[in-house]
Amino acid sequence: MEEKLIVRNFGPIKEAEINIKKVTVLIGPQGSGKSILSKLLAIFKTKDLIRQLGAPFFTQEEVAIVPEDFIRFNTERFIQYSENYLLNNIGGYFKNDNPYIEYIGKIYSIVFSHNGSGSPLVFKTNDASLIRDFYKPSLEKKITESKSFITSSSRVNMQQQSWDELFKEKLAHELTDCNSIYIPAERLFFSAVSESIFSLVNANVNLPKMLTSFGTLFETARKEISFDEAYKVPFLDVEYKHENGRDLIKDINGDTFSLASAASGYQSTVPLSLIVNYLANKSLKENTKYHFIIEEPELNLYPTTQKKFLEYLVEKCNRGNLLIATHSPYILTSLNNLLFAYQTAQRGKEERKEANAIIPEKYWLNPADFSAYYVSGETAKSIFNPKTGLIAENELDDVSEEIAGQFDALMDIYKHVKH
């Protein structure tokens, strides 16, 4: 089943359908909804969501047949969890204008609909046995023992709360393809306070969960670095080391300085690359997958460094999925090169060898594993051309043409001025 995210009437998004591939990119102007789509995907692709939901319930009609492949949860717990994750900055969107969100995954699907009548959150698994084999005996036993579990609202009153918690833990355990790692654009914050992350994360500071999760991951990742070794950041030509409670950067000239006082490009990128490298290694050791959702990887980076960093991410995140939300046309151009390198290599052995000399094979992207969308005008439009296997040329050139058009117009005026 193809993985999808469908969103209607949620914030600036009126209607959007995103096909999630091995590598997915969202580009568009600020405030267009890229972050909203990214955050919703992160919420729906985490095991923690299942654990945080309240007790499941079934309608009176469903009790008679015992549902085979779906269960319902109360929407309020979902909204509360989402608001905590996002620090209420889009919490109101969940209750306004009849929002509809559907995530269709390879293992499970979730539908959120809030039409004012208390519509529940519906969880549907593609493996019916997950629900049927676990819940059916319990429900049949309850039906046999008592008829009092049907409340005035025609819902089953799940009196055995421990049973529900056990089921949710089993469900979360079975969702092995559900480890989303959200990297926010606000990550610069943690570089500025990197030497106090542990106390900050454990203090009662009103920060969104997406930020504290990033800080916790950074704390964990830097502990994995050997005391006598430094982590080399290949695309920046610097080394990172955590020494005596300090985050240190050593540049190509041998100069050492703290991360908190480093250039903003280092601050936005070094913690991120450290986390990605740590989880990539963990993925190999534990034979698991992580799904990276990264906002603005290009933050404060020179165009050539953006290219190198993108290649690094494609290589390190290749066991799971990578979704990028970006403003940078350089990211799109670099992705096109990786797509074209793959296609060039399919033409023959010699072409493969020559393509590998230009762009190493570990960075190549199969067009079948790629999708790209322009998010603007209340929707998301695909900018990937399946015939060419590339991002549409006009999408790459629109901004450049606008800027060049201004220059040409000025040049026409300049040439007509009489000296």
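Student: What's the relative accessible area of Lys-362?
Tutor: Heads-up, this is a predicted model: local features need pLDDT of at least 70 and side-chain atom pairs count only at pLDDT 80 or more, while totals for chains, interfaces and linings use all residues. Residues are numbered from 1 along each chain as its sequence is written, and side-chain values use heavy atoms, leaving out hydrogens and water. Buried means under 20% relative accessible area, exposed over 50% and partly exposed in between, with a 1.4 Å probe and protein chains only. Lys-362 is partly exposed, at 46%.

Student: Which residue forms a salt bridge with Lys-362?
Tutor: For a salt bridge, a side-chain nitrogen of Lys or Arg has to sit within 4 Å of a carboxyl oxygen of Asp or Glu. For Lys-362 the closest N and O atoms are 3.8 Å apart, and the partner is Glu-315.

Student: How many residues apart is that pair, Lys-362 and Glu-315?
Tutor: Helices (H or I, at least four residues) and strands (E, at least two) are DSSP runs numbered from the N terminus. Lys-362 is in the loop between α13 (349-358) and β15 (370-376), whereas Glu-315 is in helix α11 (residues 303-316). The pair links distant parts of the chain, and the separation in residues is 47.

Student: And Glu-315, is it buried, exposed or partly exposed?
Tutor: Its relative accessible area is 24%. With the buried limit at 20% and the exposed one at 50%, Glu-315 is partly exposed.

Student: How many salt bridges does the rule give?
Tutor: One of them joins Glu-243 and Lys-241, at 3.6 Å from N to O. There's also a network that links Glu-219, Arg-222, Lys-223 and Asp-247. The count comes to 10.

Student: Which residue does Lys-21 bridge to?
Tutor: The closest N and O atoms of the pair are 3.0 Å apart, and the partner is Glu-2. Lys-21 lies in the loop between β2 (13-19) and β3 (23-27) while its partner lies in the segment before β1 (4-10), so parts 19 residues apart in sequence are tied together.

Student: How far apart are the end C-alpha atoms of helix α9?
Tutor: The expected span of a helix is 1.5 Å times one less than its number of residues. Helix α9 (residues 209-223) has 15 residues, so the expectation agrees with the distance in the model, 21 Å.

Student: Which residue in the turn between β10 and β11 has a positive phi?
Tutor: Strands pair if DSSP finds at least two bridges between them. β10 (residues 238-243) and β11 (residues 246-250) run antiparallel with five bridges, and Glu-239 stands opposite Lys-250. The hairpin has two residues between its strands, and the one with a phi of about 55 degrees is Asn-244.

Student: What's the bridge partner of Leu-248 in β12?
Tutor: β11 also runs antiparallel to β12 (residues 256-258), joined by three bridges. In that hairpin, Gly-254 takes a positive phi near 90 degrees. The partner of Leu-248 is Ser-258.

Student: Which element has the lowest mean pLDDT?
Tutor: pLDDT is the predictor's confidence in each residue, from 0 to 100. The protein averages 78, with 69% of the residues scoring at least 70. β3 has the highest mean, 96, and the lowest, 44, belongs to helix α3 (residues 60-65).
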